[in-house]
Structures are given as structure tokens and as C-alpha cells.
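Thanks for coming. I will go through one model today, a few local features at a time.

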Amino acid sequence: MKILMVTAEALPFAKSGGLADAVSSLSKALADNGHEVKVIMPRYYRINKDKLTLLEGPMGVPSSYGETWTAVYTTDVETSKGNKVNYYFLDCEKYYGRDGIYGTASEPDFNDNPTRFSLLAQASFQLCRKLNWYPDIIHSHDWSAALTPVLLKFYERKKKEFAHTASVFTIHNLGYQGIYNKSHFPATNVEWLYYYSAGFEYYDNINFLKAGIQSSDFITTVSPTYANEIQTPGMGFTLDSLLRYRKDDLQGILNGIDTDVWNPETDKYIPKNFTSEKMAGKAACKKALQERFGLEVNPNIPVVGMVTRFADQKGIAEVFAPTYGCAYAMCKDMNIQFVILGSGEKWCEAEVGSLQSKLPNLRAYFGYSEEISHLIEAGSDFFLMPSKYEPCGSNQVYSMLYGTLPIVRATGGLADTVQNYNEAKGTGTGFMLNDLTPQSVYDTVGWAVFAYYNKKDDIKKMQKVAMKQDFTWTKSAKEFEEVYKKALKKI
Ligand code: ADP
Ligand code: GLC
């Protein structure tokens, strides 16, 4: 099949979270299964154009404000099996010539985002024309690419080139919907006549994600549990009734991971590699982690790691909020070391900074660092991820593969990937809590730490089982192939 991915992020070019990992690794897996995969995304300033090839000629993209002139750069990403994914970068100084994917620290959501991401959707069709290459499937991801299925359904499919193209839309996070004032609607280049029928209408605003859900041929989300959760009023972020309405065209498919990047045996970021059979390297990584963060170097103290966006979704309030979160009591009461890598909400950075000045066993690094994230995954004993909701989650999977047992809330992809510790049998791959409160996080960390000190054989056994699991795309890529077939049958 010919597949065009439309996305705001993809590795190794631009990443703000797991979306980038998911899109690039799925694309590779599909290419390895014999499909022709192309990806279109904006060229933000952070993507160095000197390493890319410029396609000949400018590309005009129609918009209601006239025509926007863009350039297109390209490069190939090779899979470990020698297959290629073709990347295309939409270059337009006015809209993408700046730092930040969606915004910056001072302006988290650029005020022209409706125009920036409408341009991406419109350009995806123009790119196909430019390449004279017409896909069977246009697969778009999250609100920032949600206009693509709308344009396909209401305009492009009426034309010969796209008459046989179906759309698949993946929700990576229902919490970000792209809701804007109605005055931005003209940026979409969709006529007012479709304001309701395409699904934009949202309490007198426009909602890109809602339009994508309503207008695409098939919808997926990133884990089976999350697919069920989002159909409930409690977790549907106001779109649950629409998702229930479309439930026959909605499927949860668990993300796979890219084992070229996340594999303790070959990982280039960590000081020593290891496997489930040869764990000496993990001890070396723990030592390096303790040294790096200025903690007491002691192999016997359990290290609890955390790598996260500081966002409400991740349960940061229950861990760090002043007078409410459990981090202070945890570090005071338990003989642990707590290592945090994160950035995001300013109150949280300030609070973690203040905890750090009070607690010798809590250390943090603020900012984004690929290298430190690998070191934390490799060197920690436990990984804390008490998310309020988690569509799929990547870090709990990376943790397990590195023998770092996750402590997670039983929600979304966390529930689908981690098996709770069963003390009677000594089985499991992690530790789970149900209701998210500071007390439940404290208790579950305490439970894991108790096992670390008193059930050493169980911990060793759990690490081995966790590390040997298969989280590659093999199964999920096949499920996508089935979804693509279902979408094609709809047109
Ligand atoms: P989400 O996409 O909701 O943030 P995921 O768990 O799917 O959640 O993916 C998060 C990804 O971003 C992981 O690969 C994680 O390692 C990475 N990440 C998050 N914060 C940082 C950071 N400060 N530095 C490096 N990597 C980070
Ligand atoms: C989103 C979700 C996360 C998921 C990622 C990739 O950012 O928050 O749970 O793993 O997308 O699908």
C-alpha cells in the first residue's frame, strides 16, 4: 500500500513527546512490511536544512487568504532492514521559521497555530500532486493534522487523483484538541457550509480534533484500554458521545517501540550495555546515574526515576504540588533516591527545585535531554509514572526493557502493558495503583521499595520477565494493515 503520514512531530527530527516516537517507528515497521511510506511534517528551525535535499520548484498551497508559497525538503530514513521511509518537510518562513513545534515557554500555543497546521493539511495534498504520487491511505495524527481527513472527505476525494484514498486518524491524546475562536475558521479553507457537518462546531468555537474524528474513515487510538476509556464521560474530554457514535470505526492499537533506539544491549547513550542475562552493565549505569546527579553512590539504595512532561496528565500534582504532593514525605520516610528529568509547567519546576534544596536524596534536571532520559531508564530500579490518564505511554515500556520496574496507575496503555506484582506468586512486571491520590502514590512506591529490600528474588525474577517482553511493532503494524483495509472498504 501507499501510505502518507501527516504529523507535527517525528523522530529524529522534532519531538515534544511520544507522538514523535510513535509516528516514526510505525512508519519504519510499515516500510519493513513492504509498504511505501511517506511522511510530511513542517520544517521547524530546529530541523537543519543543510542535511536535507530541496525539491525543485516552489509549491503553492491554496488557502482562503490566497496562495501560500512553500518549499519542500526531503530525506530518507533507513530501517535496520534497509528499507526506506521518505520524509518531506514543508518549509515556510512565515509559519514555521521559528523555534518550537506548537509554541515556546513564553507562548505555549502560538496564536497562528490554526493557520500553521491548516497549511500542513492543505500541503499534504499538494505534495502528492507535486510528486505525482497518490496514496491509498492518508494517516494523520492528533489535532495538528486533523484537518487532512476533512479536506479529503469534503473536497479532494471528489477529484480523480484522490477518489480512492481513505483516511485513518489516530488520537494520541484526547486532552489536546486544537480549540480556537471561530474567527480562525477561514484558515482551514473549508466553507462555512461544512462548519457543522465536518464536525468543527464546538460551543461556538472550532475544534480541530473533533472535526478529524467526525470526518475520517477510520479512527484509532494508541491502546485498547484508552479506546474504551475515551467513550466514557469521565475520560472523554467532552467528545465521548461522538466517540460512542463512531465506535464501530474506532479501534485501540498499542504503539510498538523502536528497538533501534531503545535497547539496553545496543543503546549508545548509556555507559555500559546489558541484557537480562548479563546485568553487570545495569549496575554500572546506576553508579553513573548516582554520580551524574550528585547522589550517594550506593548500589543498595533503590533509585526511583521519572522522565516526564510536567503536565497535569502525568499526575505531577499528586507527586509535587505544594503541601499536597507526596514527594517530600516519600523521600523523608523511605530509604530511596528520587531522580527526575522534566520540563513544562513552571510551578512544578519551581516546586521540584525547592524540594531539591530540602532533600539530599531528590535530584532533578530541568529541560530536555535524550541522553539523560536513557541514563535514567537504564540506571534506575523503579520508574514512577502515576498518570491521571495515559493513552499509551512510552516510558513504562522503555523501563521494562531496561529492567527498571514501572510504578504506574492502572489506566490506558499503562494498564495494557504492565502486569501488577502478585506477592503470593512472585510474578508481575511492575507495581500499580488504581485511584490517583498522593497517598496511593506514596503507598505504591512504598510497596515497591519494601519488595526491593525484602523480596529480592521476586524483583530479580520480575526484571527478567519485564526485559524479555516483545514490544516491537510486529503485531500492531499488522493491526494497522487491517485497519487500512477496513478504511478502504468504506469509500
Ligand atoms: P507523552 O507523549 O504524553 O509525553 P510518552 O510516555 O508517550 O508520553 O512519551 C514521552 C516521551 O518523551 C518519552 O520518549 C520520554 O522519554 C520523552 N521525554 C519526556 N520528557 C523528556 C525530557 N525532559 N527529556 C528527554 N525526553 C523526554
Ligand atoms: C501521547 C500520549 C502518550 C502516547 C503518545 C504516543 O503523547 O500522551 O500516552 O504514548 O502520545 O502515542
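**A buried serine, a helix pair and some rings**

Ser140 is buried, and its relative accessible area is 0%. That residue sits in strand 7. Leaving out residues up to four places away in sequence, Ser140 touches Val6, Ala145, Thr148, Pro149, Val168, Phe169 and Thr170. Before I go on, please keep in mind that this is a predicted model.

Pro149, one of the residues that Ser140 touches, also takes part in a helix contact, so let me turn to that, since helix 4 is oblique to helix 5. Two packed helices are described by the angle between their axes and the distance between the axes. What are the angle and the axis distance for helix 4 and helix 5? Helix 4, residues 147-154, and helix 5, residues 208-215, pack at about 45°, and their axes are 7 Å apart. That angle makes helix 4 oblique to helix 5. The crossing of helix 4 past helix 5 is left-handed. On the helix 4 side, the contact is made by Leu147, Pro149, Val150, Lys153 and Phe154. On the helix 5 side, Phe208, Ala211, Gly212, Gln214 and Ser215 make the contact. Sorted by type, the residues of this contact come to 6 nonpolar, 3 polar and 1 charged.

Next, the aromatic rings. Over the whole structure, a search finds 36 aromatic pairs. I will show two of them.

One is Tyr155 with Tyr194, an edge-to-face pair with 5.7 Å centre to centre and 85° between the planes. Where in the chain do Tyr155 and Tyr194 lie? Tyr155 is in the loop between helix 4 and strand 8 (166-171), and Tyr194 is in the loop between strand 9 (179-181) and strand 10 (201-202). The pair therefore links distant parts of the chain, 39 residues apart. Tyr155 counts as partly exposed, at 22% relative accessibility, whereas Tyr194, at 15%, counts as buried.

The other is Phe274 with Tyr402. Their ring centres are 6.2 Å apart and their planes stand at 80°, so this pair is edge-to-face.

Last, the backbone. Which peptide bond is cis, with omega near 0°? The bond from Leu11 to Pro12 is. Pro12 lies in the loop between strand 1 (2-6) and helix 1 (18-32).

Two residues have a positive phi without being glycine. Asn132 has a phi of about 50° and lies in the loop between helix 3 (113-131) and strand 7 (137-141). At 61% relative accessibility, Asn132 counts as exposed. Phe237 has a phi of about 45° and lies in the loop between helix 6 (224-229) and helix 7 (240-245). Phe237 is partly exposed, with a relative accessible area of 36%.

How values were computed:
Residues are numbered from 1 along each chain as its sequence is written. Chains are lettered from A and ligands numbered from 1 in the order in which they are written. This is a predicted model: local features need pLDDT of at least 70, side-chain atom pairs count only at pLDDT 80 or more; totals for chains, interfaces and linings use all residues. Side-chain values use heavy atoms; hydrogens and water are left out. Axes are lines fitted to C-alpha atoms, for helices over the stretch in contact, and angles run from 0 to 180 degrees between N-to-C directions. Helices (H or I, at least four residues) and strands (E, at least two) are DSSP runs, numbered from the N terminus. Angles under 35 degrees count as roughly parallel, over 145 as roughly antiparallel, 65 to 115 as roughly perpendicular and the rest as oblique. A crossing is left-handed if the near helix is turned anticlockwise from the far one by less than a right angle, and right-handed if clockwise. Contact means heavy atoms within 4.5 Å. Ala, Val, Leu, Ile, Met, Phe, Trp, Tyr, Cys and Pro count as nonpolar, Asp, Glu, Lys and Arg as charged, and the others, Gly among them, as polar. Buried means under 20% relative accessible area, exposed over 50%, partly exposed in between (1.4 Å probe, protein chains only). Rings of Phe, Tyr and Trp (its six-membered ring) pair if their centres lie within 6.5 Å; planes under 30 degrees apart count as stacked, over 60 as edge-to-face and the rest as tilted.
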